[in-house]
Amino acid sequence: MELPLDYKYKLESLLEGYSLKTLKECALKISKNYQNGFVGENHIKDDLSAKVYAVMRYPATFKAFSKALEDSLRYFDGEIKSIIDVGAGSGAATLACALNIKLVKATLLEIEQSMIDIGKFLFEDERVQYQKIDITKDLFEEHVDMVISSYVLNELDDVGRLNCLNKMWDMADKMILIVEPGTPKGSALIKQVRDYYISLGGHVLAPCPHMNACNYDWCHFSTRVARSKLHKDLKGGDAPYEDEKFSYIAISKEPCSKCSSRVLRHPLINSGFVDLEVCTQEGIKKIKITKKDKEKFKAARKANCGDEI
Ligand SMILES: C[S@@+](CC[C@H](N)C(=O)[O-])C[C@H]1O[C@@H](n2cnc3c(N)ncnc32)[C@H](O)[C@@H]1O
């Protein structure tokens, strides 16, 4: 799901009145901070950075989280009505939930006031409430159906992250969904989280078709996000879209169904056959689907990385 237009307009209105030079300098500073920054350090500390960050990242975060959510809910039997968004920022992941499920209540936990202000401006929705807290330290005891986090865990140090994961586990009655960047580091972090929650008794909903040890070293998916003119001005480049890579894990507190096999890499399409790398209930396999298997061949030709097949 693309970010709805009214949110795009509202987001970009945040930057009205600033010169393009100021905005570009700020965008460059944020990118540098993310490239060089240390784990455990928050990179967005002032109002303008928070606004620029939101315009640069909100559409892609929203779309990646929406995709992970759609693919996870396909295997979830229950109903999700309440969520907690941990390190919510300006609320892109919460918006993805609000547009995909019958949400009654969302609590967004966030430490930076500038992020909270943008989230409140974008939402104007009484179902959505912010709490200004440090998710690695402060006590927060609400229980909800689903606890989510999006692009946050990689910013925490090891101790903070473990505290945060334990709190997320305690607060979730039914489900946890975590999305991280689709880099080798992000994917490795997701694998650690998967192992940790399985050790606590969690059940993997998605993307994995099994709960055995995972020996795949870069499990990530990708979604194409349209770019606005302002986005191109801030981040550079002319491409009309960017491919957002993400890794994710969805955990259910109850036993759940799973997909039978999932495409891991973009299919290699030949004239009479398609080569696919898939994760199955028996582990990773390379399979060849020939024209003879008409229906499967058609599906395989159209398959995207992350699809069930
Ligand atoms: C990369 S941003 C992601 C924001 C949002 N989840 C999204 O996907 O758009 C990371 C967010 O985590 C927040 N954060 C980092 N450490 C935190 C902490 N200890 N407690 C609460 N929020 C934290 C930051 O302020 C920032 O808003």
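Ser-149 stands opposite Ile-178 in strand β5, and Val-86 stands opposite Ser-149 in β4. This is a predicted model, in which local features need pLDDT of at least 70, side-chain atom pairs count only at pLDDT 80 or more, and totals for chains, interfaces and linings use all residues. Residues are numbered from 1 along each chain as its sequence is written.

β4 and β5 (residues 172-181) pair in the parallel sense over six bridges; pairing requires that DSSP finds at least two bridges between two strands. β1 also runs parallel to β4, and four bridges join them. Strands (E, at least two residues) and helices (H or I, at least four) are DSSP runs, numbered from the N terminus. Seven of the seven residues of β4 are buried, so this strand is largely enclosed by the rest of the structure. A residue is buried if 20 or more other C-beta atoms, placed from the backbone, lie within 10 Å of its own.

Together with helix α6 (residues 158-171), β4 and β5 make a right-handed β-α-β unit. Right-handed means that, with the strands pointing away from the viewer, the path from the first strand over the helix to the second runs clockwise.

Helix α4 (residues 92-100) also has buried residues, namely Ala-92, Ala-93, Thr-94, Leu-95, Ala-96 and Cys-97. The buried residues of α4 pack against several elements, including β4 (144-150), β1 (82-86) and α3 (47-73); contact here means C-beta atoms, placed from the backbone, within 7 Å.

How values were computed. Buried ≥ 20, exposed ≤ 12 C-beta atoms within 10 Å, placed from the backbone. Contact = placed C-beta atoms within 7 Å.
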